[in-house]
Amino acid sequence: MLTALFGGTFDPIHYGHLRPAISLAQEVGVKQIVLLPNKIPPHKPQPIATIKQRLTMLALAIEDLPLFTIDTREIAPSDANRPSYTIDTLQQWRNENGKTASLAFIMGQDSLLNLPSWHKWQSLLDYCHLIICQRPNYAARTDNVEFQQWIDKNRTNNVKHLHDSAQGYIYFSHTPLEDISATQIRQKIKNQQCCEDLLPLKVRQYIQQQGLYYAKKN
Ligand code: ATP
């Protein structure tokens, strides 16, 4: 069985995460997508929501979606200030699940373009496949020649490769384009604008109940 991990800050989780993930599960034949919230994203500003709030929003978002589960290993309290490196998580997953289980890591096109800044990025394919979701406004190719060669060398258009091999391929899925970002949602909430089509109702209700992302009143 091919397992797919989907890492992110999820501050908050939104339809730009959920819809492409559901669509790629169908396209690729993934039975389980494991949401992997990270604690201190090494390349981004700190999340606004607390770990508990992000986790609650994830739980609410997937309540009726059995395709998804949540893995909290990167936000375990024991590692208080340690950044969560994907490579360490993948290594840990391999130790737990063995060398022959097929594993994919899902990311958006923006994350792929940013990959050369990730810790030990060239070793990622030693542990998993990468499944890329297209994202509006991000280039399909990179200007970094060496990086583009690495992508082309490892790329496959055949989903069977993702099942038959434990790791090592990059697959570009044909998921729907969703012009949604958590930044845009936080901004809209701050400006008291409607986010109806951007994230699930239960998550919106929770955000409202917690007063999350609203501008502070003096
Ligand atoms: P922010 O706006 O705060 O940077 P984000 O909306 O990009 O957040 P993240 O939680 O950082 O959300 O993203 C987790 C993963 O989901 C990343 O790999 C990202 O590329 C991907 N992703 C997020 N939004 C989309 C989208 N609309 N379409 C495709 N992939 C997405």
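This is a tour of a predicted model, taken selection by selection.

Begin by showing the strands, which form an open sheet of seven in the order 3-2-1-4-5-7-6, with parallel pairing. Strand 3 (68-70) and strand 6 (155-156) stand at the edges, and each has a single partner strand, so one side of each is left without a neighbour in the sheet. Strands of a sheet pair through backbone hydrogen bonds, either parallel or antiparallel. At one end, select strand 6 together with strand 7 (residues 170-172): the two run parallel and are joined by two bridges. Threonine 156 can be picked out here, with tyrosine 171 of strand 7 as its bridge partner.

**The nonpolar cores**

Next, select Ile13, Ile33 and Met57, which touch the most other members of the largest nonpolar core, a set of 37 residues. Among the elements that give two or more residues to this core are strand 1 (3-8), strand 2 (32-37), helix 2 (51-61) and helix 8 (201-210), while helix 1 gives the most, with five residues. Centre the view on isoleucine 13 and display what surrounds it: leaving aside neighbours within four places in sequence, isoleucine 13 is in contact with Leu18, Leu35, Met57, Leu58, Ala61, Leu199 and Val203. Apart from this core lies another, of 24 residues, which can be located by selecting Leu90, Leu124, Tyr127 and Trp150, all of them among its members.

Now move to helix 3, whose 12 residues reach 16 Å from the first C-alpha to the last, close to the 16 Å expected at 1.5 Å a residue. Its buried residues are Thr86, Ile87, Thr89, Leu90, Trp93 and Arg94, and they cover an arc of only 160° around the axis, which puts them on the same side of helix 3. An α-helix has 3.6 residues a turn, so residues three or four places apart point the same way. Turn the view to follow these buried residues of helix 3 and they will be found packing against strand 1, strand 2 and strand 4. Just after helix 3, glycine 98 takes a positive phi of about 90°.

Continue to serine 102, placed in the loop between helix 3 (86-97) and strand 4. Is serine 102 buried or exposed? At 5% relative accessibility, serine 102 counts as buried, and, not counting residues up to four places away in sequence, serine 102 touches Met1, Leu2, Thr3, Trp93, Leu162, His163, Ser165 and Ala166.

**Salt bridges**

Finally, display the charged side chains, among which the structure holds nine salt bridges. One of them joins glutamate 178 and arginine 19 at 3.2 Å, N to O; glutamate 178 lies in the loop between strand 7 and helix 7 and arginine 19 in helix 1, so the pair ties together parts that are 159 residues apart in sequence. Glutamate 178 is buried, with a relative accessible area of 15%, whereas arginine 19 is partly exposed at 32%.

Select glutamate 96 and arginine 73 next, whose closest N and O atoms are 2.9 Å apart in a salt bridge; glutamate 96 lies in helix 3 and arginine 73 in the loop between strand 3 and helix 3, so this pair ties together parts 23 residues apart in sequence. A further salt bridge is that of aspartate 110 and arginine 135, at 3.0 Å, N to O, which links helix 4 (residues 109-113) to the loop between strand 5 and helix 5 (145-154).

How values were computed: Residues are numbered from 1 along each chain as its sequence is written. This is a predicted model: local features need pLDDT of at least 70, side-chain atom pairs count only at pLDDT 80 or more; totals for chains, interfaces and linings use all residues. Side-chain values use heavy atoms; hydrogens and water are left out. A nonpolar core is a set of buried Ala, Val, Leu, Ile, Met, Phe, Trp, Tyr and Cys residues joined through side-chain atoms within 4.5 Å. Buried means under 20% relative accessible area, exposed over 50%, partly exposed in between (1.4 Å probe, protein chains only). Helices (H or I, at least four residues) and strands (E, at least two) are DSSP runs, numbered from the N terminus. Contact means heavy atoms within 4.5 Å. Two strands pair if DSSP finds at least two bridges between them. The expected span of a helix is 1.5 Å times one less than its number of residues. The arc is that of the directions from the helix axis to the C-beta atoms. A salt bridge is a side-chain nitrogen of Lys or Arg within 4 Å of a carboxyl oxygen of Asp or Glu.
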